[in-house]
Amino acid sequence: MRYFVFLLIGLLAFSACRNDGWKGGAVSDRDIKVARYDRLQYEATALNSVTAQQRMSLEFPNVTKLLIEDVLELGSVNEPAINERLYAYYSDTTLLRLMDDVSDKYKDVSDIEQGLTKGFARLEKEVPGLVVPHIYTQISALNQSVVVTDSLLGISLDKYMGEDYPLYRRYYYPHQCRYMKPERILPDCFVFYLMGRYPFEWHPARRTLFDQLMYRGKIYWVVGRLLGTASPEDLLDYTDDEKAWCKEHLQKVCAWLAAGNYLRSTDPMVLRAFTRSEPGLMFEGKQLPPSIGIWLGIQWVEKYRKLHPDLSVADLLEKNDFRDFSVL
């Protein structure tokens, strides 16, 4: 099975969701309710429910199209036998067991709904005219964790079964399993939603490591604000030892980056090393915490905000040029 962190698709075809059974309106006027598409998948496959199969096609056509064509890549939703191919795919014994486990673990998602409601309500206050996506849960067969389009946000519950979930050990490294737990659902949803709404601008003069870290820093800084996270370290799920290391070494790491001219680098390998969760980067003989570049970006955005207290969250999200800022 292939591993992807997330899938971000800007398909205008999904902007009209009249047939997907959701009610519109601002979050301030209602509580967010997550559509349990994953239950239809389970009933259609594990229980061979014809009613569930029909509901997937008739009530959630856009979600089903996205699942078939872009998440699983089984073919076109308009192919004559595509539904049979979909149900056969999920009839795999491993996936049936996975769906059973998801059903047991996520009987209730009210805590996720409450977190989404609070987060989007706060975001609506900061960003006037915000478009709140229709949110649903699914079984992605261990593909994407979060699926985002211009009007949909899908949460793959099978990617959040807990870092000790036995099946994960067959497909993932420990540093990947670390983030595959329920506590990561809300941060991931808002990070990928904001990255979709405010994508990185690949400008010829703004594609360095510094530009990438400031971009990711502003996204994560806003997410921390929306979720009321105590610290950037908590948002990135750092251990106590990693938190202590970060506090002690912030200035040293900034000086090291500047001295080595890393911040001006456009090398893709350098960019990935500082933004991914994979271990490997070393400093003073010790391994750096995962996603250290994102943590640095959050620190710098916080510093930038203090220098520009009148900068609104909406303007921060729109801002792409931070060349007037020094990290030292």
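Reply: The side chains of Arg55 and Glu59 form a salt bridge, N to O at 3.0 Å. This is a predicted model.

Me: Is Arg55 buried, partly exposed or exposed?
Reply: Buried requires a relative accessible area under 20% and exposed requires over 50%. Arg55 has 33% relative accessibility, so the class for Arg55 is partly exposed.

Me: Which parts does the pair of Lys181 and Glu163 tie together, and how many residues apart are they in sequence?
Reply: The side chains of Lys181 and Glu163 meet in a salt bridge at 3.8 Å, N to O. Lys181 sits in the loop between helix H8 (174-177) and helix H9 (185-197), and Glu163 in the loop between strand E4 (152-156) and helix H7 (168-171), so the parts tied together are 18 residues apart in sequence.

Me: Which residues are linked with Lys181 in a network of salt bridges?
Reply: Lys181 is buried at 15% relative accessibility, whereas Glu163 is partly exposed at 36%. The network of salt bridges that includes Lys181 links it with Glu163 and Asp237.

Me: What is the N to O distance in the salt bridge of Arg184 and Asp188?
Reply: Arg184 is buried, with 7% relative accessibility. Asp188 is buried too, with a relative accessible area of 13%. The salt bridge between their side chains has an N to O distance of 3.9 Å.

Me: How many salt bridges does the count come to?
Reply: A pair counts when the side-chain nitrogen is within 4 Å of the carboxyl oxygen. By this rule, the number of salt bridges is 13.

Conventions: Residues numbered from 1 in each chain as written. Predicted model: local features only at pLDDT ≥ 70, side-chain atom pairs only at ≥ 80, totals over all residues. Heavy atoms only, no water. Buried < 20%, exposed > 50% of the residue type's maximum accessible area, 1.4 Å probe, protein only. Helix = DSSP H or I, 4+ residues; strand = E, 2+ residues; numbered from the N terminus.
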